Amino acid sequence: MLKKEQNDLLTQTGPGTPMGRMFRCYWIPALLTSELPENDCPPVRVKLLSERLIAFRDTDGRYGLMDEFCAHRGVSLWFGRNEQCGLRCPYHGWKYDVTGQCVEVPSEPEASGYAKKVKLKSYPLVERGGILWTYMGPPEAPPPLPEWEFITVPPPQTFTTKRIQESNWLQAMEGGIDSSHVSFLHRGDLNSDPLFKGAKGNQYNLTDQRPVFEVVESNGGLYIGARRNAEGGQYYWRITQWVMPTFTMIPPRGNHAVHGHFWIPIDDENCWTWSFDYHPIRQLTEAELAAMRDGKGIHVRYVPGTFRPLANKDNDYLIDRAAQKAGRTFSGVEGIAMQDASLQESMGPIVDRTKENLVSTDNGIIMARHRLLRSVKAFVEKGTVPPGVDTAHQKVRSAAMVLPPDVPFTEGARDALIAQPAVAPASV
Ligand code: FES
Ligand SMILES: [Fe+2]
């Protein structure tokens with residue numbers, strides 16, 4: 001449970017808010033590289049942290065992310081002409097380069113130098129691992145570029161999608177670190193989804209529905225250990241990584257790809273759910289890629305031409321009551337991603353955390369909120385750089401392991417929780 005002021009603090013990320021300022025300390029995913037597929041292609045509207053922006057790729061292949069609206073009289077530059085190293089407003093022809101600098105005001109004599117005095121707010125946009133990342137904080141202090149393992153492995157080993165989620169980022173992120181719901185909500189999919197089925201660990205999930213949580217602080221966030229009974233008195237551990245403020249990595253299953261998410265605020269009532277799948281030591285197979293493109297695993301099918309899921313709140317997520325009754329799916333909604341999103345959106349755009357009744361399996365969520373609150377306080381009051389900015393904090397992996405009962409997971413899984421090139425993930 002949170003006080004209203006705490007809930008407001010954690011869920012509001014617009015310009016000038018404490019959380020908004022902290023979010024602006026990080027490189028965050030802004031677009032898929034495929035959204036700007038070639039030089040001088042159409043610009044793309046991007047809303048992030050409640051700011052309306054426009055992204056474009058110029059004639060020389062440079063990327064830009066800047067204020068969506070023309071400095072002259074506020075036309076959306078989405079209508080702009082992307083030509084000769086700049087985006088030109090179609091109303092009166094003012095033109096901007098990728099840094100937001102106005103380079104031409106055709107109605108003014110060139111000698112007046114008027115254009116030089118006009119600059120739109122802009123942010124860097126950098127390609128890494130098929131994603132265009134941006135940093136929206138003070139320009140004088142950009143952090144080092146992101147080094148998450150899934151963007152540093154060779155391209156055939158990794159696959160990323162994004163979808164719009166109609167809820168605040170925090171309740172979506174809290175679903176990503178809530179390992180206990182898997183035994184319920186996703187139980188129908190563990191043995192049927194092509195990206196999950198066949199792993200031995202699935203049986204432990206299905207037979208022990210009372211996981212014991214042990215949550216331990218890591219340098220960048222938390223290790224969220226969920227312990228279930230295995231044979232011979234041993235324990236099956238699933239260790240989720242959470243790295244501040246919004247990266248999560250779900251423990252692997254068998255030799256399947258490993259996956260995780262970022263939840264990036266669009267505004268306070270919507271977020272981008274970024275979903276990645278990668279394997280640290282092998283290429284993804286054609287069958288795996290086909291399943292991911294078809295919306296299996298943590299991915300979704302879309303309303304054509306959009307990033308909105310095909311199953312969405314306007315069609316009640318295509319709920320199938322017969323499948324629910326028969327137990328083919330636990331909630332009646334198909335697909336792991338939409339099972340999560342449907343329930344998280346059903347809480348309302350910003351869930352009222354003053355009314356919760358938390359139990360021991362919510363320990364990961366409780367500690368994540370606490371760490372966020374502490375970090376935002378230290379950042380606002382003392383300027384302390386928050387956890388997760390340091391790229392060393394990003395070189396992490398989730399793990400699934402069977403360990404003897406007297407071995408703490410922090411010991412038994414110590415090496416497995418670090419991303420090491422050419423080392424296989426720890427998985428059951
Ligand atoms: S509004 Fe853009 S040039 Fe006039
Ligand atoms: Fe889930």
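**Entry 1: Thr-248**

I found Thr-248 buried, at a relative accessible area of 0% (buried is under 20% relative accessible area, exposed over 50% and partly exposed in between, with a 1.4 Å probe and protein chains only). I worked throughout on a predicted model, in which local features need pLDDT of at least 70 and side-chain atom pairs count only at pLDDT 80 or more, while totals for chains, interfaces and linings use all residues. Residues are numbered from 1 along each chain as its sequence is written, chains are lettered from A and ligands numbered from 1 in the order in which they are written, and side-chain values use heavy atoms, with hydrogens and water left out.

I placed Thr-248 in strand S16 (residues 247-250); helices (H or I, at least four residues) and strands (E, at least two) are DSSP runs numbered from the N terminus. I then listed its contacts (heavy atoms within 4.5 Å), leaving aside neighbours within four places in sequence: Met-173, Gly-176, Ile-177, Gln-241, Trp-242, Gly-260, His-261, Trp-263 and Phe-276.

**Entry 2: H4 against H10**

The axes of H4 (residues 169-176) and H10 (residues 363-382) come within 10 Å and cross at roughly 135°. H4 is therefore oblique to H10. Axes here are lines fitted to C-alpha atoms, for helices over the stretch in contact, and angles run from 0 to 180 degrees between N-to-C directions. Angles under 35 degrees count as roughly parallel, over 145 as roughly antiparallel, 65 to 115 as roughly perpendicular and the rest as oblique.

**Entry 3: H1 against H10**

I next took helix H1 (residues 4-11), which packs on H10 at an angle of about 75°, with the axes 11 Å apart. H1 is thus roughly perpendicular to H10. Gln-6, Leu-9 and Leu-10 in H1 meet Arg-369, Leu-372, Leu-373 and Val-376 in H10. I counted this contact by class as five nonpolar, one polar and one charged residues.

**Entry 4: Lys-162**

Is Lys-162 buried or exposed? I found Lys-162 buried, with a relative accessible area of 3%. Lys-162 belongs to strand S12 (residues 158-165). From Lys-162 to Trp-272, 110 residues apart in sequence, I read 6.5 Å between C-alpha atoms. Beyond four places in sequence, the contacts of Lys-162 include Trp-272, Trp-274, Glu-35, Tyr-302 and Phe-307.

**Entry 5: Gly-225**

Gly-225 sits in strand S14 (residues 221-229) and is buried, with a relative accessible area of 0%. Leaving aside neighbours within four places in sequence, I found Gly-225 in contact with Val-212, Phe-213, Glu-214, Trp-237, Arg-238, Ile-239 and Phe-409. The C-alpha atoms of Gly-225 and Ala-392, 167 residues apart along the chain, are 21 Å from each other.

**Entry 6: The whole chain**

I counted 11 helices and 19 strands in the protein chain. Its radius of gyration is 23 Å, close to the 22 Å that the globule rule gives for 428 residues, so the chain is as compact as a globular protein of that length. The radius is taken over C-alpha atoms, and the rule is 2.2 Å times the number of residues to the power 0.38. The C-alpha trace spans about 85 × 45 × 45 Å along its principal axes. Buried residues make up 57% of the 428 residues.

Technical notes. Ala, Val, Leu, Ile, Met, Phe, Trp, Tyr, Cys and Pro count as nonpolar, Asp, Glu, Lys and Arg as charged, and the others, Gly among them, as polar.
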